[in-house]
Amino acid sequence: MTRGAYNFLQRLGAVVMAATMMLWSFGASAANLEINLKLIWGTNDAKSPNPKHKPVSPELTNKLRKIFQWKNYFEVNDVTGRVPSRQSKKFRLSDKCEIEITEMEGPKVEIKLYGEGKVVNKITKPLVKGESVFIGAEDKGENSWFIMISLVNED
Amino acid sequence: MNMEAQLKMQAYLDGELGPSEAAEVQRLLEQDAQARQQFEELRAVRSLLRDNEPEYRLPESREFYWSKISQAIARAEAQSAPGREDPAPAWALLLRRWLAPVSAMAMVFLLALAGLKMLSPNHDYAMMEIENYSEDLMVSTFRHPTEKVVVFWLTPKTYDVAAKPAEEIEQDELMYQ
Amino acid sequence: MAPAKAYKTLSDEALVKEAQKGDMDAFGELVVRHSDKIYARAFSIMHNEDEAIDLSQEAWVKGWQRLKQFQGDSSFLTWMTRIVINICLDYLRKQKRQKAESIEALDEEVGGVERQMPVMVVNPSEGLERSELRERIDKALAQLSHEHRTVLVLHEFENLEYKEIAKRMGCSIGTVMSRLFYARRKLAALLAGWRREENM
């Protein structure tokens, strides 16, 4: 490769990196988030023990079956709420379970799971539209519960 | 009833006959009591078997069974591992000399593309952190590549390890490309 | 990479995707999950515990080696079952079990034995608990030759058509039909015979 060509490629690389960093910094601006949380019960039984729990939609059932081993999924609770920029909001999903979401820099959020009022764990990760986060566990080895967290909108 | 007729009757039972042969067997069954009796026996055995398949369980522990399989896989992979590659022929070496600058430029181009891809709002290069505050539970993570789902699964601790402090999960550990 | 404990909760589809990328723990979970069924299919054909263990393990090794070819057209369990059946059939082909089977084969060719078996008039399942009935069926299956038992297993338990069975067993459709006929009649005779003995 000639010296001239090498210098050209160097300059091209520098321009690309600068553009990338500029556009990356635009992504770090503040945002208000509209978040949906579902508390779901997974089981191989035909019905949930609580008759008030409806099966989740067929689309969601198909999606969950691709990921988890249970056959049937029931919606225990479904809440949608707004998390203002750089602030926190707690979502109560059941008597024993809450999720607190804090909007952070860039696409990141902090998700805290509370069980019976105590913090169980804290997860910090980007939350992007189209991707869902699940926090869950087995219940007595046969059934399961999960909290499905999705970003509905941001502005 | 000859053997051919009996086999045709069986094929009728098993849904293997075309319409005209099936009609032929139906006529036979209407007319011949012995044929009906034999057909009934075949039907009964077929039902009996289908409804009562014997169940057999693996007579050794699953862990032991899996350990033998994983060892066999390791042995098979060790046997099929490629040997040292033969040195490239002269024409390949010559081609390489000319390809090197082209591939350097291609790499710059790809890096530029990757940079552009970083600008997509759905692309996710930041690291994840998990802080587990429970003494009884541990957290496992899994990412499903096509369903766009990240799972954090809580399981009871079965071994004596203190709850981990803040744990940084490298994105590369979860991206299985 | 996710620790093994998380895999217990995942679907077969998710586990296969991980295993296809080289994750042995994910494959191990699939093995643990389906080991009984794959062993059971091998045992139903071979009716020999050691052979069934060895051949089912061989099937799992082959499953790992061919996993990237699995496209998801069928369930993973169905795909693995096909592999173990083929391995058992290959093994049987290589085996030299001349003496006992040649006598049965001769009977089958001349249409001898099953012609002599009276049609079953005693209901062999009447009054039996399900588990007892399954035991008897197992005992009766054990008395068949490998060829006859295999045809029954492939037809009654795997729901394969005559053509598919013929292809897998490397024989004609006519041979499949006569083996199936013989096997069913023999089974009927054995089960009815045991019932009659009890009623005496």
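In the predicted model, strand 3 of chain B, residues 149–156, is mostly covered, with 6 of its 8 residues buried. On one side, this strand runs parallel to strand 8 of chain A (residues 132–139), to which it is joined by 6 bridges; within this pairing, Gly136(A) stands opposite Trp153(B). Strand 3 of chain B also pairs with strand 2 of chain B (residues 137–144), here in the antiparallel sense and over 8 bridges. In this second pairing, Pro156(B) is the bridge partner of Leu137(B), and Leu154(B) is that of Val139(B). The hairpin formed by strand 2 and strand 3 of chain B has 4 residues between the strands, and in it Lys148(B) takes a positive phi near 55°.

These pairings belong to an open sheet of 7 strands with mixed pairing, whose order is 2(A)-3(A)-1(A)-9(A)-8(A)-3(B)-2(B).

Chain C, by comparison, has 10 helices and 0 strands, and its pattern along the sequence is α-α-α-α-α-α-α-α-α-α. Buried residues account for 41% of the 200 residues of chain C, and of the contacts in chain C between residues at least 6 apart in sequence, 64% join residues at least 24 apart.

The contact between chain C and chain B takes 47 residues from chain C and 42 residues from chain B. On the side of chain C that touches chain B, at least two residues each are supplied by helix 1 (12–20), helix 2 (24–46), helix 3 (49–65), helix 7 (130–142), helix 8 (146–157) and helix 10 (173–199) of chain C. Helix 2 of chain C provides the largest share of that side, namely 10 residues, and the residues of that side of chain C comprise 27 nonpolar, 9 polar and 11 charged.

Ala6(C), in the segment before helix 1 of chain C, counts as buried because it has 22 C-beta neighbours inside 10 Å, where 20 or more are required. Beyond residues up to four places away in sequence, Ala6(C) touches Ser140(B), Phe142(B) and Trp153(B); from Ala26(C) it is separated by 20 residues in sequence and by 9.4 Å in space, C-alpha to C-alpha. In helix 1 of chain C itself, the buried residues are Ala14(C), Leu15(C), Val16(C), Lys17(C), Glu18(C) and Ala19(C), and these pack against helix 2 of chain A, strand 2 of chain B, and helix 2 and helix 4 (76–94) of chain C. Helix 1 of chain C is followed by Gly22(C), whose phi is positive, near 105°.

In soluble globular proteins, nonpolar side chains tend to be buried together. The largest nonpolar core of the model has 105 residues, and those with the most contacts inside it are Ile40(A), Phe134(A), Ile147(A), Ala42(C) and Val84(C). Helix 10 of chain C gives the largest share of this core, 12 residues. When residues up to four places away in sequence are not counted, Val84(C) touches Ile38(C), Arg41(C), Ala42(C), Leu55(C), Ser56(C) and Ala59(C).

Helix 2 of chain B (residues 19–31), by contrast, is hardly covered, the count of buried residues among its 13 residues being 0. At 1.5 Å a residue, these 13 residues should span 18 Å, and the end C-alpha atoms of the helix are 19 Å apart, which agrees.

Notes. Residues numbered from 1 in each chain as written. Chains lettered and ligands numbered in written order. Predicted model: local features only at pLDDT ≥ 70, side-chain atom pairs only at ≥ 80, totals over all residues. Contact = placed C-beta atoms within 7 Å. Nonpolar A, V, L, I, M, F, W, Y, C, P; charged D, E, K, R; others polar. Buried ≥ 20, exposed ≤ 12 C-beta atoms within 10 Å, placed from the backbone. Pairing = 2+ DSSP bridges. Core = buried A, V, L, I, M, F, W, Y, C linked by C-beta atoms within 7 Å. Expected span 1.5 Å × (residues − 1).
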